[in-house]
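This report describes selected parts of one structure in plain terms. Please look at the sequence and the model first.

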Amino acid sequence: MLDFLRKENKVVLVLGGGSARGVAHIGVLKVLEREKIPIDMIIGTSMGALIGAAYAIGIPMKRMEEKAYGFSANMLIDPTIPRMGLLAGNKLENVIRDIIGNKGFGDCRIPLAVVATDIEANEEVVYKNGEMIKIIRASCSWPGIFNPVRLGGRLVVDGGIKNSVPTKIAKTVDGFNYMIAVDVGFCVRHGRIDSIFQMILQSFQIMGNELNKYQASGADAIIAVDLGDLDQTAFNRASEAVAKGTEAAEKVIGKIKKDLHI
């Protein structure tokens, strides 16, 4: 029965950005896996690209949780002479490699697409092949914070600039007729800003919050995770993010199963 339904319903899972808030994707994936929701493709941007890649290549959920709970924002800090970013991004790349190893797109058991942004051409870029670690690093690289990445002549940065929840990209992929989107939201703060880091971070919150108002709405099922005041750098609250992701998925799983006749 399931094989028949899979032919009728081709499911694409869209995972938005969010840095520390994006850790909630792990909780969502736990529920989808437990309920045996068929996922035929994953499209991710920023943190959604990293967690989506880990799941696509078959990293066990338990290991993903362990990595999340043992992580801290300090593991990303490698200051550089500010030319295009405050941080070099090499430690970010090391973190990605530690999670997914030296795997590539060809190792994915579920087809994967990573969304990034060409900052010079003002174009969204969708990668389905290439050097996956470098591509994910680029998709996670907030402009001004991390150095951008040169890929095939493009200067590539965070995919969330144009696609905080890349439902628009998913609609351009042929062969899929059911979309699940995970929106972890943004934490726009109100208060004094007194550093360049806070200034850039707050700018991302405001921009992402506006994008999410219409981008996530393009899915058949939207899993909107309420993370409250958990901001993009609060990796110390990873267990809370996972729990909130699980909670949000539980609220929508009934609709998803009904829609897919599972």
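Glycine 58, with a positive phi near 95°, follows helix α3. Helices here are DSSP runs of H or I with at least four residues, strands are runs of E with at least two, and both are numbered from the N terminus. This is a predicted model, in which local features need pLDDT of at least 70 and side-chain atom pairs count only at pLDDT 80 or more, while totals for chains, interfaces and linings use all residues. Residues are numbered from 1 along each chain as its sequence is written, and side-chain values use heavy atoms, with hydrogens and water left out.

Ten of the ten residues of α3 are buried, so the helix is largely enclosed by the rest of the structure. Buried means under 20% relative accessible area, exposed means over 50%, and partly exposed lies in between, with a 1.4 Å probe and protein chains only. The buried residues of α3 include Met47, Leu50, Ile51 and Tyr55.

Two packed helices are described by the angle between their axes and the distance between the axes. For α3 (residues 47–56) and α6 (residues 132–139), the axes come within 8 Å and cross at roughly 150°. The two helices are therefore roughly antiparallel to each other. The contact between α3 and α6 has five nonpolar residues, one polar residue and no charged residues. In this classing, Ala, Val, Leu, Ile, Met, Phe, Trp, Tyr, Cys and Pro are nonpolar, Asp, Glu, Lys and Arg are charged, and the others, Gly among them, are polar. On the α3 side the contact is made by Ala49, Leu50 and Ala53, and on the α6 side by Met132, Ile136 and Ser139. Contact means heavy atoms within 4.5 Å.

The axes are lines fitted to C-alpha atoms, for helices over the stretch in contact, and the angles run from 0 to 180 degrees between N-to-C directions. Angles under 35 degrees count as roughly parallel, over 145 as roughly antiparallel, 65 to 115 as roughly perpendicular, and the rest as oblique.

## Serines and an asparagine

Serine 139 is part of helix α6 and is buried, with a relative accessible area of 0%. Leaving aside neighbours within four places in sequence, its contacts include Thr45, Ser46, Ala49, Val115 and Asp158.

Serine 46 sits in the loop between β2 (41–45) and α3. Its phi is near 55°, a positive value in a residue other than glycine. At 5% relative accessibility, serine 46 counts as buried.

Serine 19 lies in the loop between β1 (11–15) and α2 (24–34). Serine 19 is also buried, at 13% relative accessible area. Not counting residues up to four places away in sequence, serine 19 touches Met47, Trp142, Gln232 and Phe235.

Asparagine 147 is in the loop between β6 (144–146) and β7 (149–151). Beyond its neighbours within four places in sequence, its contacts include Thr80, Met84, Gly85 and Ser141.

The table lists polar contacts of these side chains; a polar contact is a pair of N or O atoms within 3.5 Å, where within protein one must be able to donate a hydrogen and the other to accept it, and residues adjacent in sequence count only if both atoms are side-chain atoms.

| Side chain | Backbone atom | Distance |
|---|---|---|
| Serine 19 | oxygen of glutamine 232 | 2.9 Å |
| Serine 139 | nitrogen of serine 46 | 2.8 Å |
| Serine 139 | oxygen of valine 115 | 2.6 Å |
| Asparagine 147 | nitrogen of glycine 85 | 3.1 Å |

Proline 148 is buried, with a relative accessible area of 16%. Leaving aside neighbours within four places in sequence, proline 148 is in contact with Met84, Leu155, Val156 and Val157.

## Nonpolar cores

A nonpolar core is a set of buried Ala, Val, Leu, Ile, Met, Phe, Trp, Tyr and Cys residues joined through side-chain atoms within 4.5 Å. The largest one has 80 residues, of which Ile100, Ile223 and Ile256 touch the most other members. Helix α9 (residues 238–260) gives this core its largest share, nine residues. Apart from this core lies another, of 13 residues, among them Met41, Ala113, Val165 and Ala181.

Histidine 261 lies in the segment after α9. Histidine 261 has a positive phi of about 60° although it is not a glycine. At 56% relative accessibility, histidine 261 counts as exposed.
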